[in-house]
Amino acid sequence: MPASRLRRVCVLVLEGAKPLDVGIPAQVFTTRASMPYEVRVCGAAPGLVTGGDGLAYHVAHGLDAVEWADIVFIPGYRFPDREDPPRAVVEALVAAHDRGARLAAISTGAFALAATGLLDGRRATTHWHYIRALAARHPSVRVDENVLFVDEGSVLTSAGAASGIDLCLHILRGDLGVAASNHAARRLVAAPYRSGGQAQYVPRSVPEQLGERFAATREWALHRLGEPLTLEALARHAAVSPRTFSRRFVDDTGYTPMQWVMRARVDAARESLERSRRSVEQIAADVGLGTAANLRLHFQRVLGTTPTEYRRTFSQLD
C-alpha cells in the first residue's frame, strides 16, 4: 500500500439512521494496520441516537468529529422528506466542505446533503423510493434515478444500502488503488466493482438462469483478458445472440460488453502496476491492450493519468 497520511473518516448518525447504511462505511474503512484510515462514529451530540428498524446507536463523538474528518459519510435515515436535519448538523457539513472534506451520502442521506445547498446544480441520486421526493423538496438538485452512485468530486451520493458498498469501494479505488479496493471487496464478499452508471434496478424481469450465465461469462472473460475478446465470443460463451447479450449486459453492468472488457483490462493493468515491476510494454501485452501506446491512451481516457504516474502514486513495492 502506498505510503500516505492517515485519512480521517466520520460516519454521521442522524435520528432514524438505517443500520446497513451506518455499518457499510464503518466496516469498509475500519481502522486497521493495513488501511490508512481512522474511523469515528458521531451524532449531533455524543450519546444515544435513536435509529431506524428498532435499533439505537451509542455514539462517542458529537459534531467535533465532523470538524476533524477528511471524509464524512451521511447514512440514510427514516422519513428524510419530512424535515431537514438540525441546523447545527447542516452548518457543520457546510463548514467541513468549505475546508476541503469530502461529503458522501448513502441512500436517503442525500436529503441531509441537499439541505446544505451543496448539491444545488449538481447531479445526485438516492434510494429509488425517494427519487421524486428529493427532486420535489430540492428542485435545484439534478436528481438522477438511473445510477448506483454519483461522484461530483467533493460531494458524492449513492442509491440504496447495497450501492453504499459500491460508493465506498469507488472511494477506496481513488484513494489507494484497485488492489486495495479489490482486497476490501473480497473481505466483504462483494462484487469488486460496479459502475456508478448501472441502473438501480432492472426495469423488467430477467430470468435468474440468464443472470447467472452472464456472471459466469464475465468471470470467464476476466481470466482471458490477454486473449481476443469480441462481442461474438462473449455471446457464444453465454449461449445467446450478440444482440441479446449486448442488451442484457448493459442492464447488468451499466456498460456495453466492449466497454466492460476495456475497463477490466485497464483495472488489470492498474493492479499489475501497483504490485509488480513489469514494464508498461509487458503489462499492455498481458492484459490484451497490445502496446504501451495503447495502454497509455486508455489510461488517459479512463483515469486521466499515465501508467508511469499511476505506478508512482500507488505502487505497493518498496
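User: What should I know about the model before we start?

Analyst: The model is predicted: local features need pLDDT of at least 70, side-chain atom pairs count only at pLDDT 80 or more, and totals for chains, interfaces and linings use all residues. Residues are numbered from 1 along each chain as its sequence is written, and side-chain values use heavy atoms, with hydrogens and water left out.

User: OK. At what angle do helix 6 and helix 7 pack?

Analyst: About 150 degrees, with the axes 7 Å apart. Helix 6 is residues 161-176 and helix 7 is residues 178-188. Axes are lines fitted to C-alpha atoms, for helices over the stretch in contact, and angles run from 0 to 180 degrees between N-to-C directions. Helices (H or I, at least four residues) and strands (E, at least two) are DSSP runs, numbered from the N terminus.

User: So which orientation is that, for helix 6 and helix 7?

Analyst: That angle makes helix 6 roughly antiparallel to helix 7. The cut-offs: under 35 degrees is roughly parallel, over 145 roughly antiparallel, 65 to 115 roughly perpendicular, and the rest oblique.

User: Which residues make the contact?

Analyst: Helix 6 brings Ile165, Leu169, Leu172, Arg173 and Leu176. Helix 7 brings residues including Val178, Ala180, Ser181 and Leu188. Contact means heavy atoms within 4.5 Å. By class, nine are nonpolar, two polar and one charged. Here Ala, Val, Leu, Ile, Met, Phe, Trp, Tyr, Cys and Pro count as nonpolar, Asp, Glu, Lys and Arg as charged, and the others, Gly among them, as polar.

User: New topic. Strand 10: are its faces buried or exposed?

Analyst: Both faces of strand 10 (residues 155-158) are covered. Val155 and Thr157 lie on one side, Leu156 and Ser158 on the other, and all are buried. Buried means under 20% relative accessible area, exposed over 50%, partly exposed in between (1.4 Å probe, protein chains only).

User: How many bridges join strand 6 to strand 10?

Analyst: Three, and the two strands run parallel. Thr157 of strand 10 is the bridge partner of Ala105. Two strands pair if DSSP finds at least two bridges between them.

User: And strand 9 with strand 10, parallel or antiparallel?

Analyst: Antiparallel, also with three bridges. Asp151 has Leu156 of strand 10 as its bridge partner. Their hairpin has three residues between the strands, and Gly153 takes a positive phi near 90 degrees there.

User: Last one. How far apart are the axes of helix 11 and helix 14?

Analyst: They are 8 Å apart, at an angle of about 55 degrees. Helix 11 and helix 14 are therefore oblique to each other.
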